[in-house]
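Biologist: I would like to go through the terms used for this model and see what each label rests on.

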Amino acid sequence: RFDIKAPHKQLQVRNLKLSDAGIYTCEYGSRKVRISLHIFKLTLSMDGHFLQNEVPELILMQNSPGPLPDLNITLFDSNNNRVTAELQNKNRQKYIVSLKKLEPVDSGTWVCQVRSDSPLINQNIYFAVKVLGFQNPDLERKYAAVDSTVILSWHLNSQKIKWKEGFTGQLNWKQQEGANAHELLDFNVTAQEQLHETKKSRSFLFEISERKPESTIEVKLPKVHFNHSGQYQCQLEYQGRHAQSKIELVVMKVSANPAGPLPRGANMTLTCQVSGLLPPGAYLRWERVNGTEMDVKNSKHQEAKLEVNISATGLWSCHLIEDSDRKISLHYYVEEAPVWINYVIIGASVGGSLLAFALGCLCIISGISWQRRRQRAKRMAQARQYLLENKTCQCQQ
């Protein structure tokens, strides 16, 4: 590992080790030149390959021919921002530093700045950090209407950091936290650094999108049902470690009772419902387009169902509002019933009343007639009894 480079008689040492630290002497005749070699060794846990939210550990070791100096360590991330680090161990020979939880944006070249006053040291040590993970938010919420098409996407940064093969993952779906999970697909990185996906579920209607950016896990729900709502979690696995990203799908539907045109003077109940509980600060609102303040009704916060009784026709809209932002709106057009239907309804009502009156009268007449027949039969029975008693008396005489 040691070479003399001509013509300046330079000593080259390759693949430095901590044990190479010491005092090197160059002798030429009666002249001697001494150089003190101080060596640092920086290592990063997990070989510098991390998943998001992992906390890396940095180890800095030093060796010197003289007393080991007290070092001051400062770290800068790939964006040249100073990183707050916690010193776990310090015995001058070995420094152990815990860093912050990593995110995909932290991938890049970091700097470990080493300083000392005695002896004077000002050394920058560069090292690579690769963080594989999702560029999605920690918890993403997506809203959809019943029977609409929804595309759920998870964006990985594997292409950006040139991550090689060796990690796998899967996409699971479950109705709510704590429920049984159903595996929809699994994926892995091939030797060509491409994502390969395999559909796992046959009972769940979804598609794997063909046109998508690199390093994107994407599924398409061509016709969302109300019970397709819930948590869709994409999970990575690398060397026994895991990282995940979750998308919460909220589905909305509206309905009317009774359905169909609204006759004049009648009432109708409009129902707006979302799957599952709403997040904090979210609520539902019914309102009639171009209506008045009397046509507006809000639900309580986090209430998943809102009903409103209406008698006015027109376009009614249900909004899901979260933090003063309309996330999704569904419309229901209440049509006014034709005039002839109103006449039919009025005629049916009048006819029904007359029929009820006639049936009532018939019942009264039948009751009176039945009462008279009963009384006549009773009188005839009394007369027969009277005649029978008289005949009996004459026979006794």
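The questions below take up the surface, the cores and the strand pairing in turn.

Modeller: This is a predicted model, in which local features need pLDDT of at least 70 and side-chain atom pairs count only at pLDDT 80 or more, while totals for chains, interfaces and linings use all residues. Residues are numbered from 1 along each chain as its sequence is written, and side-chain values use heavy atoms, with hydrogens and water left out.

Biologist: Why is Ile4 called exposed?

Modeller: Exposed means over 50% relative accessible area, buried under 20%, and partly exposed in between, with a 1.4 Å probe and protein chains only. Ile4 has 56%, so Ile4 is exposed. This residue lies in strand β1 (residues 2-5); strands are DSSP runs of E with at least two residues, numbered from the N terminus.

Biologist: What makes the nonpolar surface patch of about 300 Å²?

Modeller: Phe2, Ile4 and Leu11 make that patch. A patch takes residues with over 30% relative accessible area and no salt bridge, and nonpolar side chains are joined within 5 Å. A salt bridge is a side-chain nitrogen of Lys or Arg within 4 Å of a carboxyl oxygen of Asp or Glu.

Biologist: Which members of the largest nonpolar core touch the most others?

Modeller: Trp154, Phe167, Leu221 and Tyr232 do, out of 30 residues. A nonpolar core is a set of buried Ala, Val, Leu, Ile, Met, Phe, Trp, Tyr and Cys residues joined through side-chain atoms within 4.5 Å. Strands that each supply at least two residues of this core include β15 (150-155), β16 (167-174) and β22 (241-257). Another core, of 25 residues, lies apart from it, with Ala145 and Tyr332 among its members.

Biologist: What is Phe167 in contact with, leaving aside its neighbours within four places in sequence?

Modeller: Its contacts (heavy atoms within 4.5 Å) include Leu132, Leu156, Phe187 and Leu236.

Biologist: How do you know that β5 and β7 pair?

Modeller: Two strands pair if DSSP finds at least two bridges between them. Strand β5 (residues 39-44) and strand β7 (residues 57-63) are joined by 6 bridges and run antiparallel, and Lys41 has Met61 as its bridge partner in β7. Strand β7 also pairs with strand β11 (residues 94-98), in the antiparallel sense over 5 bridges.

Biologist: Why are β6 and β9 placed at the edges?

Modeller: The open sheet has 5 strands in the order β6-β13-β12-β8-β9, with mixed pairing. β6 (49-51) and β9 (82-83) each have a single partner strand, so one side of each is left without a neighbour in the sheet. The partner of β6 is strand β13 (residues 121-132), parallel over 3 bridges.

Conventions
Helix = DSSP H or I, 4+ residues; strand = E, 2+ residues; numbered from the N terminus. Patch = residues over 30% accessible without salt bridge, like charges linked within 9 Å, V, L, I, M, F, W, Y side chains within 5 Å. Areas by Shrake-Rupley, 256 points an atom, 1.4 Å probe, with all protein chains shown as cover.
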